[in-house]
Amino acid sequence: MTSGQARPITVVGEPILHRSLRPVESYDADLAALVDDMFASMYEADGVGLAANQIGVDLRVFVYDCPDGDDVHQKGVVCNPTVVLPEGPDRHLDDGDEGCLSVPGPHAPLARPDRATCHGFDVDGNPVTVEGTGLLARCLQHETDHLNGKLYIDRLSTRARKKVLREMEEIRAEVEANAQADAEQPL
């Protein structure tokens, strides 16, 4: 597991999720502590990736812990990422479902390239390159989008986006109603 402290996940509509974040400039104990908190937050929320703005932090860093296309488990951190996607005949789309901890509940089909290369730096400032296939490729693209102020629902059609947001609100209302009913139960 991790030594970090789980933090609340920011939800769609919060301003920090909808703008580009500032670059990591200091690779120090504060960054290492943030990364530990990000892993703890991701694990508590049952996610496979988490960007700093998903816990309210304005820094270009994300963590991931998920399998690649060969079902080989991958875990890491990338600061100041850039993603390179295949082009032309090398570009193949994966039409899989995508979800997001910041859009809790629903998932939607979203075509993304089935391979991605992510360049950046690790928590100590050393250059890293992550080659992703399968879920890892989707995760690298999804988390880098977060750092650029874009949610997966921003890539959906207007109709699909509205459907996801409506489902999210229905789930939220149901959870709140259940919590209220539980609170009213005599002990």
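**Sheet, helices and cores of the predicted model**

Arg 115 lies in strand S8, where helices (H or I, at least four residues) and strands (E, at least two) are DSSP runs numbered from the N terminus. The structure is a predicted model, in which local features need pLDDT of at least 70 and side-chain atom pairs count only at pLDDT 80 or more, while totals for chains, interfaces and linings use all residues. Residues are numbered from 1 along each chain as its sequence is written, and side-chain values use heavy atoms, with hydrogens and water left out.

Arg 115 is partly exposed, with a relative accessible area of 37%; on this scale buried means under 20% relative accessible area, exposed means over 50%, and partly exposed lies in between, for a 1.4 Å probe and protein chains only. When neighbours within four places in sequence are left aside, Arg 115 is in contact with Leu 85, Pro 86, Asp 90, Gly 132, Thr 133, Ala 137 and Gln 141, contact being defined as heavy atoms within 4.5 Å. Leu 165, by comparison, is 50 residues from Arg 115 in sequence and 28 Å from Arg 115 in space, C-alpha to C-alpha.

Strand S8 belongs to an open sheet of five strands with the order S1-S2-S3-S8-S9 and antiparallel pairing, two strands being taken to pair if DSSP finds at least two bridges between them. Strand S1 (49–51) and S9 stand at the edges with a single partner strand each, so one side of each is left without a neighbour in the sheet. On average, and with direction ignored, neighbouring strands of this sheet are turned by 35 degrees against each other; axes are lines fitted to C-alpha atoms, for helices over the stretch in contact, and angles run from 0 to 180 degrees between N-to-C directions. Strands of a sheet pair through backbone hydrogen bonds, either parallel or antiparallel.

The pairings can be followed across the sheet. Strand S2 (residues 61–67) is joined to S3 by seven bridges in the antiparallel sense, and within this pairing Tyr 64 has Gly 76 in S3 as its bridge partner. S2 and S3 form a hairpin with five residues between them, and Asp 71 in the turn has a positive phi of about 65 degrees. Strand S3 (residues 73–84) pairs in turn with S8 (residues 115–121), antiparallel and over four bridges; here Val 83 stands opposite Cys 118, and Thr 82 has His 119 as its bridge partner. The hairpin of S8 and S9 has five residues between the strands, and Gly 125 takes a positive phi near 90 degrees in it.

Helix H1 (residues 29–44) lies across S1, S2 and S3 and runs at about 40 degrees to S2. Helix H2 (residues 134–147) packs on the sheet, where it touches S1, S2, S3, S8 and S9, and its direction makes about 165 degrees with that of S2.

The largest nonpolar core has 17 residues, and those with the most contacts inside it are Leu 34, Val 35, Met 38, Leu 59, Val 61 and Val 63; such a core is a set of buried Ala, Val, Leu, Ile, Met, Phe, Trp, Tyr and Cys residues joined through side-chain atoms within 4.5 Å. H1, S2 and S3 are the elements that give two or more residues to this core, and the largest share, seven residues, comes from H1. Val 35 touches Val 61, Val 63, Val 77 and Val 123, when residues up to four places away in sequence are not counted. A second, separate core of 13 residues includes Ile 16, Phe 62, Val 78 and Leu 147.

A search of the whole structure finds three aromatic pairs. One of them is formed by Phe 62 and Tyr 64, which are tilted, at 6.2 Å centre to centre and 50 degrees between the planes; rings of Phe, Tyr and Trp (its six-membered ring) pair if their centres lie within 6.5 Å, and planes under 30 degrees apart count as stacked, over 60 as edge-to-face and the rest as tilted. Phe 62 is buried, with a relative accessible area of 0%, and Tyr 64 is buried as well, with 6%.
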